[in-house]
Amino acid sequence: MRLHPISAVSRALRYGVNGLSIPFFLVAMLSAAGIGSIDWLFLVAPVGLVVGVTYGVMTYLRYDYALSEDTFDVAQGVIGRTEREIPLRRIQNVDVSQNVFHRLFGVAVVRIETAGGGGTEATLSVVAEAEASRLRREIRERRAKVTGEAEARETGEAAPTDAASDSATGATADASTDTTAGQPADPARAPPGQAAGGEQHPGEYVDEATAGKPTTTHAPTSEVLFELRPVELLALAVTRFRFRSVVLLVVAIPFVEDFAIRLLLDAAAPLGGPAALDPGVMTRQELLAVGLVGPPLILLASILTSVVLSTLEFYDFELGREGDDLVYERGLLQRYSGSIPREKVQTISLTETFLMRPLGFAGLTVETAGYAGSRASQGSQAAVPIAKLDRTLELARELEDFPDLEFTRPPKRARRRYAVRYSIPIVLLLAVAYAVSAMVTPIPWYLPAAAFVAVPFAAHLKWANRGFAVGEDHLLIRDGFWNRTTRVVPYYRIQTVVSEATVFQRRLDLATLVADTASSATLLGGSPTAFDLDESTVDELQSSLRERLQASLHGA
C-alpha cells in the first residue's frame, strides 16, 4: 500500500526546493571565483527544480508498506532499495501524531516503534486518519494473536482460535466465522494478506473495503479510564515546571529584544534603575536595581512559558484501555495518540512535585521495555499527567496491584554526606567572590555564606524523601524533594540487582542498591535506585531480591 497522495505533493515540494537551491549555491560560488556568469541560473535552476520534484515523486511511488499476519513490512528507496520486515511481537507502540496542517487535511504521521530498537523502525508520513486508526487497531489485535500463539507453543497448550484471539484483544467474534481450521467460512472474508480461496501472499495487504468485499469488522471495546479536566490541566501547568521553557525563552529574546529591554527598565525604575541599558555608563545603584529585578522577570517569563507548553502538550488528555493495551490521546496544536502495551510495562512511577504535594496531586508514568531511540524521553510515558493522589494510586494499582507499604529511610548519618555535598558549592562561591574582591574590585564577598543556614534543612529534606519498601511482589523506591518519585518495580521485571559504593560512601559504611529492569530508562542510566543505605542492608536486599525474583519467575 502507498502513503496518502498529499505525501507525494509534500515530497515533491521539499525536494523541488532543495533541487532549486543547489544551483543557486553552485552558481554563486563559481561567480565569486570568476568562473561563469550569474545568467547560468536561468539555465541550471529549472533543471534542478525538475530533478528535485521528480525525485520527490519517485520516493513516494517507491515507498510501500503492508501488514501481514505476523509482520509489518516496509520497502523504500529510489536508487538503493531497502526492505524491512518488523515482527509484530516486537512492536511496542504505534504512535500517531498530527500537527495543525495534518488535521486540516485529515492525515497523520504513524511511527512504528519496537522494544530494543535504536530508533523509530518505520515512519509513515503521511496516511489518512482512518488508515492510521486501522493500522494501530489491527497491529494491536494481530500482535496479541501472534503473542498468544507463541505462548501456547511454549507451554504446549492448544493455540487460541481466531475468535478467542479477537476476544482477548477486546474484539467481538462474528458468529458466521468458521474457526475449525482457523479459516473463514466465506472465502470473500479472507483476512488481510490472504486472497479468496485461501491462497496466502506473504507481505501483501489486501484492502477489502476498497476491493468491495464484504467483511466483518471487529471493533475493539474501548474503556475510558481517565480524562484530564480543565482544573487539573491548570494545576498541571502551574505545579510542573518545564526547564526547556528557559531554553525557549533564551531563543525568543532576540526576537523581542526591544520589548524585553523596555520591560526591564520599567521594572527597575522604582528602584532607581537606568534610563537606558548601557553597562558602560550605568552607576552601581543602577546596576544593582537591574540585577534585583532581572532574575525575577526571567523566572516569571519562564513559568508563563512552561504553563503554555504544558497546556499545549496535555490539552484534552484522555487515557483508555483497548484489550490489554493502554491508549492515550493528547495535544492542542499537535495531536498525539499512541498505545502502551501492558505486557511491556517494566516499572510504574508516581511523581509529586513540591507544589503538587500540598494540593494533593500526583502524576503517573510508566516505563516500557527496551525502546531507547529518538523518543527515549517518552520511554517514560505519562499514563496520567496529574490527578488527585487517591485517583492516581487507584489507576496505578490497575497496572500493578501493590499494597500500601511503610518506607525505610537511609540511616541518619547519610544526612552528613548531603550536608557536605551542599556546602562545597558555597565554599567555592565564597573563594571566587573573595578572589574577585581582592584582585578586581571590592565586593561583599561574604554574602554567599548566608546560604550555610539552609544546608541542614536541605540535607534533612533530601534524607526524609528517600527510602525503600519491600512487599510480597514489589520493590518500591522513593527519591527526590523537588520532584519526589515513587517507583514500583515488580520482582519478575528485575533483570539484575547491583550493589554500588563510592569512596565517600564507604567511609560512612553506606552503599547504593540498583534494580535494573529492561526499561528504556534503564538503558539511559535511570534504573530504580535506593541511595545511601547501610552496607549490611544492601547485602540483605540483594540476596532477598534475587530469591524473590526466582520465586516470582517460577510462580512460587
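# Contacts and cover in questions and answers

User: To start, what is the relative accessibility of Arg 262?

Analyst: Arg 262 counts as partly exposed, the class between buried (under 20% relative accessible area) and exposed (over 50%), with a 1.4 Å probe and protein chains only. This is a predicted model, in which local features need pLDDT of at least 70, side-chain atom pairs count only at pLDDT 80 or more, and totals for chains, interfaces and linings use all residues.

User: Which residue forms a salt bridge with Arg 262?

Analyst: A salt bridge here is a side-chain nitrogen of Lys or Arg within 4 Å of a carboxyl oxygen of Asp or Glu, and in this pair the closest N and O atoms are 3.6 Å apart. Both residues lie in helix α9 (residues 257–268), 4 residues apart, which separates them by about one helical turn. Helices (H or I, at least four residues) and strands (E, at least two) are DSSP runs, numbered from the N terminus. The partner, partly exposed at 45% relative accessibility, is Asp 266.

User: How many residues apart in sequence are the parts tied together by Asp 64 and Arg 81?

Analyst: The search finds 25 salt bridges, and Asp 64 with Arg 81 is one of them, with N and O atoms 3.4 Å apart at their closest. Asp 64 belongs to strand β1 (residues 64–67) and Arg 81 to the loop between β2 (71–76) and β3 (82–87). Each end is partly exposed, Asp 64 at 26% and Arg 81 at 32%. The parts they tie together are separated by 17 residues.

User: Is Arg 330 buried or exposed?

Analyst: Arg 330 meets Glu 313 in a salt bridge of 3.7 Å, N to O. That pair links distant parts of the chain, with Arg 330 in strand β9 and Glu 313 in helix α10 (residues 284–314). With 8% relative accessibility, Arg 330 counts as buried.

User: What turn residue of the β8 and β9 hairpin has a positive phi?

Analyst: β8 (residues 318–322) is largely enclosed by the rest of the structure, because 4 of its 5 residues are buried. It pairs in the antiparallel sense over 5 bridges with β9 (residues 325–330), where strands pair if DSSP finds at least two bridges between them. Glu 322 stands opposite Asp 325 in β9, and 2 residues lie between the two strands. The turn residue with a phi of about 65° is Gly 323.

User: Which residue of β8 stands opposite Ser 222?

Analyst: β8 also has an antiparallel pairing with β7 (residues 222–227), over 5 bridges. In that pairing, Ser 222 stands opposite Glu 322.

User: In β12, what is the bridge partner of Leu 350?

Analyst: β12 (residues 361–368) is mostly covered, with 8 of its 8 residues buried. On one side these are Phe 361, Gly 363, Thr 365 and Glu 367, and on the other Ala 362, Leu 364, Val 366 and Thr 368. β11 (residues 345–353) pairs with β12 in the antiparallel sense over 6 bridges. The partner of Leu 350 is Leu 364.

User: How far from the ring centre of Phe 361 is Lys 388?

Analyst: A charge sits over a ring if NZ of Lys or CZ of Arg is within 6 Å of the ring centre and within 35 degrees of the ring normal. Arg 478 has its charged end over the ring of Phe 407, 4.1 Å from the centre. Lys 388 lies over the face of Phe 361, at 4.5 Å.

User: What is the angle between the ring planes of Trp 445 and Tyr 446?

Analyst: Rings of Phe, Tyr and Trp (its six-membered ring) pair if their centres lie within 6.5 Å, with planes under 30 degrees apart counted as stacked, over 60 as edge-to-face and the rest as tilted. The whole structure holds 10 aromatic pairs. Trp 445 and Tyr 446, with centres 6.0 Å apart, are edge-to-face because their planes stand at 75°.

User: How exposed is Trp 482, as relative accessible area?

Analyst: Phe 481 and Trp 482 also form an edge-to-face aromatic pair, 5.1 Å centre to centre and 70° between the planes. Phe 481 is partly exposed at 24%. Trp 482 is exposed, at 55%.

Definitions and conventions. Residues are numbered from 1 along each chain as its sequence is written. Side-chain values use heavy atoms; hydrogens and water are left out.
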